[in-house]
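Visitor: I would like to learn how to read a model like this one, feature by feature. Could you take me through it?

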Amino acid sequence: VDATRFEAIIVDSSGWSVAAAGLEEALRARCDDLRAAGMVVHDVDSGDAAAIAEIAASLAARGITGRLIAVVGDKLAGHGDVPELRRAVHTPTPDDDAGFDSLIRLLDHQLSLRADRRVPAIDDDPSWVVPLPTDPVMDRVSEALGTLANGWVGVRGRREDRQPATVSPMLVSGVYTDADGQPRLLAAPDWTTLTVDVSTDGSQLLDLRSGLLLRRGRVLRTLRLVSAARLDAMGLRAEGRASTLGHPAALAPGDSSTPIEVCTAPKIQAARARSSDGGGITVAVQDHENIVGKLRVIERLATVAADQRSVPDWDRVTNQLDDLVATGFDRLLADHREAWAQRWANARVDIEGSPGDELAARFAVFHLLGSTPGEGEAAVGARGLSGPAYGGHVFWDADVFVLPALAAIHPAAARAMLEYRIGRLPAARRAAQAVGLAGARFPWESAATGRDVTPRRVMGTGGEVIPIHTGEWEEHIVADVAWAASEYVSWTGQPEFLHGPGADLVLDTARYWASRVTTEGDGRGHIRGVIGPDEYHEDVDDNAFTNVMARWNLRRGADLADDKGLASEAAGWRQIAASLFDGWDAERQLYEQFAGYWSLEPLLIDQVAVPPVAADVLLGDARVRGSQLIKQADVLMVHHLVPEEVEPGSLRPNLSFYEARTAHGSSLSPAIHAALLARCGEPDRALVPFRMAARLDLDDLTGTTSGGLHLATMGGLWQALAYGFCGLRPGRDLLNIDPQLPSEWSALALHLLFHDAPVRIRAEHDRVVIDCTCPLTVRIGAGRPQSCRPPGHTFATGDGHRHPQRTTP
Amino acid sequence: MTTLLAALDTSPSAAVVLSTALQLGELTGATIEAVHVREGPTDSPEWLAAQAGVHLRVLDGPVRECLLAAVGGVGVVAAVLGARATASGRRRAIGGTALHVLELTDKPVAVVPPDMTQATEPFRRLLVPLEGGEQSSAPIIDTLCPLVVADVELVVLHVFTAATIPPVMDRPNRDLAMWGSEFLARNCPNASRIELRTGSIASRVNDVCLEERADLIVLSWSQHSSPGRATVVRDVLTHATVPVVLIPAR
């Protein structure tokens, strides 16, 4: 108990003996001192259960839970049924002088921990804390897994004594620099290094609930945060034997190819890195150091300023730092905990019956929440802010995999992603015009400017030149952007977005497709020469995914055009949409993935390897290209994204056919299969691909997690939970819910926002419990729409309510 | 002072063994000592050693035991042996004497293929096939890297098989470089670069050796050559055209 710094103390003083009145006064004085030092102190009557529950809830809303709470009083120990107090640290009611002395010592110790700026604790609740790999060979994976990010700044979980950094330790959203003609996220100056004399050990614990990274070892103990409450602020506390832990290290370059300029003033260090475009990132730190017994205790407060177009000057960061120092570490930490508690309030995932699945799901949501700022615009790269892979380029991963999750759990972040696309419409229009087409053509890979930054070639590991055609041919991104805008509106219930700032995301993309589709002699519209999501097959004609998404885009655009008085254009788009060939083979009851796919070698994945497997690496490009093996969900992706655009009843046969041919060589694939298997009424089978996705980074299945986390997989994982197992589908006026739970899980609960109102959905095997704060219309399974009034309602989900395939809203 | 032993017999390949030892001496900074186990006249090894200016120690006794004892001598850091396995015109992986030493020594041994020509150029490019994992990489990091003092290019080769292929690879044309970089960071940080291939390991080792014009192949091995074991080592030795350094995996 003595070693732990508590953030709150709940005392039941009603039972304190009169004999101890003198000591009671001393105790109350200590409590006042602790309050002044930032600790939350409550004196409560143990008989008032409602008050205790309210206190516990208010603490949880500030991110103070479990082991961060000390509860003093025998009778308070009986309130173990209050979830937030279940793991609190209980101490008995003092009933003699010794007891009071002991309690006073405890409070004095708490005061000294704060006064000495010792490293705070985390609530090491195993359902919220991820232990990072400790094997040194896994260091870079561990760094990525332990990334702390607030949507704007991401700081990898690099151990403070590992130097120099081999992977950029800090990135800032949207700040790119050019390297060999390719933009990449600029490596920020590193502020996290400490001078440690010996190689140190110790475990690293990532606290998902509060966004903290704790390191605890025999030699060194640290706690780090990237403030969720104040985007420019970061902090680190460290303590270790003074003979081992030296003075804080100087700011260092984030990587070997990014020099920094350093400015040192009394008490302050600052450094900046410049981008090739005249922008840059400036970091300033102030250290506080003291010796406590044999310990050296270091507190480092850091602030960052960044801009894509200009380098933030020294004065700006110095002023920021002054303000941060005035705030202080403890206040920063308290605000940060509270901000994360607020984030989780509408994003929490509970999976009862499988702690491993639950922790992996929370890990994914944690990083999704950290990937995107809740204001301005957000360029969400394939690896978020957790690593430099792909230079931080923005792919369809952001629009189709990440955005739907954020639209439901952090709508402001989803909006920021759409603002990023809106800001790059001019570039997309120029790109369409450059190839003689109308509307807007969004690039396969995008960075700061919105021009296509897909590399045209790369050097292979053997020095050979490998051409890359995705920038040229993977055009479905155009419809994906429009779909993301529409899905955002479905979740948030803000149609005005599509009639206002987001309109052109749908209209200009529809215009693109209208000019891209060619009507041929058969009277049908065709789209030739593309790459679908299955990148094993390049330069194909009439890819079902591309065509169906284009058709959806044209129809959605036509609806919007009608509303805007563009009736003639709308009519034309509907006509093109109606003529567009989609690969539906009525005889087989299957969609042909692209023209000519049926005639390819009918190879099944089981004949090659157990999926997931990078089949193209194993068999070579030519063999895979000539076969029906596919990299990832392609036709099936249509069933996932736009089920209203496919033939009724076509999910099951297509899932059966394409699942047997899918290598899951893409990290995007397994979660989508999990969602669709669940929709097909096979939730137990769905668990297999679900767990592939859930463990992808935690087990480094790709061998590339060191370069950053697979954010789209995390978005897909949330979609598997929401769209798949929970059977959610946001509609214009109602929320469809059709749970399909694996037998291993007893319940799945999701917290989210639907039409701007918090909703908690708890799915069990035979019922759905919905908590809401506003009236809500829901449809359970294939049933009729029903109203659900606050505080909520329980709906039975027996066989009569089930439907073999998800209904479309 | 460290010593590198060159085991000379009276076969034509003894000259190649000695020239290989001389180049390895440049690579490691070790002094070359030639040894010969007397089975008859010693004129040939004596002449070879004299020509190269290398001290020759002639040993008496059973060949295998004498050689093994010499390799185990104090200060000896490595040895060079001829494969001596072309009896009856059919090429085999390795002869019995060399195999005996390889299985029992705890030091790196370079095996010189029977039809190799004399090594006249300095060894500058080493091909290191690695499976990954501590057992395969530790001998390279702990034994090979400290031995090499010359400026050489250490090219790691990793061959994917059906059993080891990465399960997920979003964009192989870019991810393989990332994967390779991480593989090196974990398994051989001293390497200059990595080559990645798919297929039969032994075939790819020899293919890449030719493509890269590697001067040496360096393999760690379990020192078990019973049937079904060390098949890669056996296959590489059978087809190698450059010396193969085998480092025991302890």
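This is a predicted model: local features need pLDDT of at least 70, side-chain atom pairs count only at pLDDT 80 or more; totals for chains, interfaces and linings use all residues.

Visitor: How compact is chain B?

Guide: The radius of gyration of chain B is 18 Å, close to the 18 Å that the globule rule gives for 250 residues, so chain B is as compact as a globular protein of that length. Its C-alpha trace spans about 65 × 35 × 30 Å along the principal axes. Of the 250 residues in chain B, 56% are buried. Look at the contacts as well: among those between residues at least 6 apart in sequence, 75% join residues at least 24 apart.

Visitor: What can be said about the surface and charges of chain B?

Guide: The accessible surface of chain B is about 10,600 Å², and carbon and sulfur atoms account for 52% of it. Chain B carries 20 positive and 26 negative side chains, with the centres of the two sets 4 Å apart.

Visitor: How many residues of chain B are in contact with chain A?

Guide: 26 residues of chain B are in contact with 40 residues of chain A. Between the two chains, about 2,700 Å² is buried, 54% of it from carbon and sulfur atoms. On the chain B side, B:R171, B:R174 and B:R186 lose the most area to chain A, together 25% of what that side buries.

Visitor: How should I read a helix such as α6 of chain B?

Guide: Start with the general idea: an α-helix has 3.6 residues a turn, so residues three or four places apart point the same way. Helix α6 of chain B covers residues 172-187, and its buried residues include B:R174, B:L176, B:W179, B:F183 and B:N187.

Visitor: Which elements do the buried residues of α6(B) pack against?

Guide: Within chain B, they pack against α5 (134-147), β7 (153-160) and β8 (193-198). From chain A, the partners are α4 (139-145), β22 (457-459) and α17 (615-619).

Visitor: Where are A:D700 and B:R213 placed, and is each buried or exposed?

Guide: A:D700 sits in the loop between α22 (683-695) and α23 (711-725) of chain A. Buried means under 20% relative accessible area, so A:D700, at 7%, is buried. B:R213 sits in the loop between α7 (201-212) and β9 (216-221) of chain B. Exposed means over 50%, so B:R213, at 70%, is exposed.

Visitor: And which peptide bonds are cis?

Guide: Two to look at are these. A cis bond joins A:P611 and A:P612, with omega about 5°, and A:P612 lies in the loop between β27 (590-591) and α17 of chain A. The bond from A:P790 to A:P791 is cis as well, with omega near 5°; A:P791 is in the loop between β34 (785-788) and β35 (792-796) of chain A.

Methods:
Residues are numbered from 1 along each chain as its sequence is written. Chains are lettered from A and ligands numbered from 1 in the order in which they are written. Side-chain values use heavy atoms; hydrogens and water are left out. The radius of gyration is taken over C-alpha atoms; the globule rule is 2.2 Å times the number of residues to the power 0.38. Buried means under 20% relative accessible area, exposed over 50%, partly exposed in between (1.4 Å probe, protein chains only). Contact means heavy atoms within 4.5 Å. Accessible areas come from the Shrake-Rupley method with a 1.4 Å probe; for residues, only the protein chains shown count as cover. Lys and Arg count as positive and Asp and Glu as negative; His and the chain ends are not counted. The place of a charge is taken as NZ of Lys, CZ of Arg, CG of Asp or CD of Glu. Buried area is the accessible area (1.4 Å probe) that two parts lose on being put together, summed over both. Helices (H or I, at least four residues) and strands (E, at least two) are DSSP runs, numbered from the N terminus.
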